[in-house]
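Dear colleague,

I am handing over a structure that you have not worked with before. Please look through it first, and then read the notes below, which describe what was found in it.

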Amino acid sequence: MKQYDVIVVGTGGANIVVDAAQRKGLRIAQIEKGKFGGTCLTRGCIPTKVMVTAANAVREVEDFKKIGIQVGPATIDWDVMSKRVWHMIDEHKDIYKYYNAFDNVDVYRGVATFLEDKVMQVALNDGTVSEPITAPIIVLGTGGYSKINDIPGLEEAGYLSSESLFGDKYPEKPFKSLAIMGGGPIGTEFGHVFATAGTDVHLIQHNIRLLPKEDAEISAHIYENLTHQGLHVYLNQEPEEVRVENGEKVVVIRDRATGEVQEIRAEEILMASGIKPAVEELHLERTNIEQKRGGWIRTNEFLETSVEGVYAMGDVNGEAPFRHKANYEADILAHNLFVAESPDDFRWARYDVVPAVTFTYPEVGHVGLTEQEAKEKGYNVGVGKNHYSSTAKGFAMGLNPGDADDGFVKIVVDKDTNNILGIHVIGPQASILFQPYVNLMNSGTTTLQAINEDIASETTKALRAKGLTRNMDPHSVITVGETMSPHPSLIEVIMWTQVYYENRW
Ligand SMILES: Cc1cc2nc3c(=O)[nH]c(=O)nc-3n(C[C@H](O)[C@H](O)[C@H](O)COP(=O)(O)OP(=O)(O)OC[C@H]3O[C@@H](n4cnc5c(N)ncnc54)[C@H](O)[C@@H]3O)c2cc1C
Ligand SMILES: NC(=O)c1ccc[n+]([C@@H]2O[C@H](COP(=O)([O-])OP(=O)(O)OC[C@H]3O[C@@H](n4cnc5c(N)ncnc54)[C@H](O)[C@@H]3O)[C@@H](O)[C@H]2O)c1
């Protein structure tokens, strides 16, 4: 059995943990079965946002006429855009080389599996199996992957997911037509990209709303904009069957309210109906690591699992599945495990100030509670709403009252205290506009809030009993550095400046 100080599984956000342990000179086993950099870099945020940025530029050029600029129609040069997509994905090779060069990091390329609570083994990609490895600290950052619905005929007809689209099924040119199943962030972002590239997009959504995790008014506004841009959106639909007819894929959908049946014909199908945790290969049944509904690993506010010394961060713990949230948790782990001088200096995770952005045209962003959620929680809710067109800058940008693209900001407030409960934006630069609210909501004196109280090491019990508090001084760069910013958005230029100032990792 080989002994390490730290074992880290997955090379997405978890790399921050490796960086901190590496700096400390600890002996680390880093395990990755796929491309280094994880989902975000190799098949998620980054390649999609290279595409989205190109699609946005086309839409912006179309909108120029509103401010008196005449230009010919803009189109996406698919080959140039695709080269840029793959340039970013290919960074995974450099990330592998970077970690492999450290004497104190053993890089294992293969599937990590538990043999028992603190013992793992790696089925290496070359077909061999590693010797058992162990460490007092194990960090699981294995992420998730597409959940594929069990729809009769789907497997036989074939389909794409974000994994295969950014893999061996990357299209050489835009599809003529595309049926996207799922109207969450993945479905709407790909819908925006392909529709702008000239694809006839059919967006099939199970829920009664697009982006159902957003405020209801935001869902209605994005529906109006996407349909205005020519996407065919089908809400509240049950995909019943898929078949191939005359070389086309036919998706049979049934309206969940009226029972009306329609057939959608498309060159290709893209599944975007949610994700599930990457846990099967870990063989958690050989351990005492507990999972919650859906298989996500249960963690507490210190990212501890039910096995002491084993931590889970990022998508796999089932809390907000965003890369900035994975980075935030990894940063907390890196601090608590390798930097903090005493438990009194420990940081804990909170999930009420996680910003979320969907990079459609227009962009959608929020932090905190929707109006509905605030009411359900019993707050005395106040709401303020303002359209872009009501400001001089909005007018200057060509946004006019009543137009589909005249976005808005909606703020949800606790009337009893005037505290901000949530803020929601749809419109140009939404991803950066609400950041001041994220910072404000994350500042002040905060007291540790227990999550999954039954998960508790002795240190955690003591910190909870003590009511550990932290002063998040709004003037401090440390506070700014510990506040999440949506990834990938331009606000990160500022956020990372704080981190470089601190020289944290
Ligand atoms: C199409 C798409 C677009 C997205 N866009 C955004 C966006 O714009 N902004 C945003 O914030 N989020 C976005 N996300 C979500 C974001 O990608 C994830 O939240 C984030 O990547 C999760 O990071 P992680 O560190 O938890 O895991 P991951 O980045 O998924 O890393 C986990 C790694 O673990 C490896 N692994 C898994 N099991 C094992 C095992 N047993 N042994 C060894 N290795 C293993 C995997 O190969 C993977 O590389 C998007 C996701 C998708 C799919
Ligand atoms: N910009 C971003 O930050 C970004 C972008 C993409 C993905 N992500 C993250 O990745 C995760 C996965 O994204 P997602 O959009 O797949 O997940 P999601 O769970 O947010 O949305 C999936 C949607 O598919 C619908 N659906 C479920 N089954 C369906 C079916 N059979 N037919 C049609 N529709 C069906 C659901 O109603 C849901 O709205 C999300 O949690 C998201 O936060 C983030």
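**Surroundings of the two ligands**

Sorted by class, the residues in the shell around ligand 1 are 15 nonpolar, 16 polar and 6 charged. Please keep in mind that this is a predicted model. The shell around ligand 1 holds 37 residues, and those that come nearest to the ligand are G10, G12, G38, G143 and G314. Several elements each supply at least two residues of this shell, namely the strands β3 (28–32) and β4 (105–116) together with the helices α2 (38–43), α3 (45–63) and α10 (323–338).

An unreviewed UniProt entry carries the annotation "domain: FAD/NAD(P)-binding" for residues 4–326.

Turning to ligand 2, you will find 24 residues surrounding it, of which G182, G184, P185, H206 and G274 are the closest. By class, this second shell divides into 12 nonpolar and 11 polar residues, with 1 charged residue. Both α8 (185–196) and β18 (356–358) supply at least two residues of the shell around ligand 2, and α8 gives the most to it, with 4 residues.

With best regards

Definitions and conventions
Residues numbered from 1 in each chain as written. Chains lettered and ligands numbered in written order. Predicted model: local features only at pLDDT ≥ 70, side-chain atom pairs only at ≥ 80, totals over all residues. UniProt positions renumbered as here; feature names shortened; annotations may be inferred. Near = placed C-beta within 6 Å. Nonpolar A, V, L, I, M, F, W, Y, C, P; charged D, E, K, R; others polar.
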